[in-house]
Amino acid sequence: MEATYPGLQVLLANNLMMAYNQAEAGQPTFAFVEDGFTKLPEFEMMLALFSALDIRWVSVMDNQGSTPARNSSPLLDVGAGIFELTKSDNPRDFARYFDMMVKAPRRDQASPLQKQTAGGTAGPGSDKIILIGSSTGGVEALRSVLVGFPMNCPPTLIVQHTGKNFGRGLVSLLDRICPAKVLTADDNMTLSPGHVYVAAGQPRHMGMTPRKPYRTRFKEGPPISGHMPSVDALFMSAVPIAKSVVATILTGMGQDGAQGLLELRKAGAKTFAQDEKSSVVYGMPRVAWEMGAAQQQVSLARMAGTLIQACKT
């Protein structure tokens, strides 16, 4: 390997958090990933980072009798395919896959200037607030949505279910690729256009105040709908100002957010849910749609435009 690729550096990580931090800082060309890591819910963050940085990777199983992670994780059935090797495979196979991936054409990366100008600069021309809830598959879904928001998008609040150590990584990833400024949400932050406030992996529920200037509010308490922070908690906090709210539920398992979305719709908000075809897990959006909480089902490709347009009417 070293003779074939002079200057090759190898980074080793024995846990997913370390691997994520090393990948974000070092932006490697290629990654071998222990198959057990790919079965963890938090591996969704690694997938999104690999995609954003155009990092090629393969999954390595313990032995031939192992069950591939793609059979147990719907995340691995979305996007580019991966190779599955075993530790007993010929070392030449590792070298062959490495060579193929490293030499494959690279995707053009957006420059900082492109990041600043992507999505246009036209504001929504309204006083609306956007609320988004997501879970399994939501990291990639959020990337897709926020890339389509303009720099001066309406203030946007997001609850994403993820591991407690990955919230800041998610914010950093989204801020890297999105025109608007993406921040880790904290208590008593004034909501401003062009800013996205993300609650993920935090031990408190995020809500918002009912009077202007609108601010974030964090509260202690038990999980709601099985989650902390909870999408339902965010949505319910906005019911008093529902006529100024545009809200959506993206891909995810369970039903968190469905009841809150229903209450928002009853109070006059514009409400949406991701459609089945584009959802990694059609759980939360399905419940919201079937109980009448969402006025319309929208594909992921159309979600950004739909939300911004709804803020203009």
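Me: Which residues does Ile129 touch, leaving out those up to four places away in sequence?

Reply: Contact means heavy atoms within 4.5 Å. Ile129 touches Pro155, Leu157, Leu191, Met208, Tyr214, Ser244, Val245 and Val246, with residues up to four places away in sequence not counted. This is a predicted model: local features need pLDDT of at least 70, side-chain atom pairs count only at pLDDT 80 or more, and totals for chains, interfaces and linings use all residues. Residues are numbered from 1 along each chain as its sequence is written, and side-chain values use heavy atoms, without hydrogens and water.

Me: Is Ile129 buried or exposed?

Reply: Buried means under 20% relative accessible area, exposed over 50%, partly exposed in between, with a 1.4 Å probe and protein chains only. Ile129 is buried, because its relative accessible area is 2%. Now look along the chain: Cys311 is 182 residues away, yet the two C-alpha atoms are separated by 7.9 Å. For the chain, buried residues make up 50% of the 313.

Me: Which strand holds Ile129?

Reply: Helices (H or I, at least four residues) and strands (E, at least two) are DSSP runs, numbered from the N terminus. Ile129 sits in β4. The chain has eleven helices and twelve strands.

Me: In what order do the seven strands of the open sheet run?

Reply: Two strands pair if DSSP finds at least two bridges between them. Here the order is β6-β7-β5-β4-β10-β11-β12, with parallel pairing. From one strand to the next, the twist averages 25°.

Me: Which strands does helix α9 touch where it packs on the sheet, and at what angle to β10?

Reply: Axes are lines fitted to C-alpha atoms, for helices over the stretch in contact, and angles run from 0 to 180 degrees between N-to-C directions. Helix α9 (258-266) touches β4 (129-134), β10 (245-249) and β11 (270-274), and its direction makes about 150° with that of β10.

Me: How many residues does the largest nonpolar core have?

Reply: Nonpolar side chains tend to be buried together in soluble globular proteins. A nonpolar core is a set of buried Ala, Val, Leu, Ile, Met, Phe, Trp, Tyr and Cys residues joined through side-chain atoms within 4.5 Å. The largest one has 50 residues, and Val145, Phe149, Val198 and Leu307 have the most contacts inside it. Elements that each supply at least two of its residues include α1 (16-26), β1 (30-34) and α7 (167-177). The largest share, nine residues, comes from α3. A second, separate core of 32 residues includes Phe235 and Ala247.

Me: Which residues of α6 and α11 are buried?

Reply: In α6 they are Gly138, Val139, Ala141, Leu142, Arg143, Val145 and Leu146. That is seven of ten, so α6 is mostly covered. In α11 (300-310) they are Leu300, Met303, Ala304, Thr306, Leu307, Ile308 and Ala310. The buried residues of α11 pack against β4, α6, β10, β11 and β12.

Me: What is the nearest side chain of opposite charge to Asp232?

Reply: Lys and Arg count as positive and Asp and Glu as negative; His and the chain ends are not counted. A salt bridge needs a side-chain nitrogen of Lys or Arg within 4 Å of a carboxyl oxygen of Asp or Glu. Asp232 is buried yet has no salt bridge; Lys266, the nearest opposite charge, is 12 Å away. Asp232 lies in α8 (231-237). Its contacts beyond four places in sequence include Gln255, Asp256 and Gln259.
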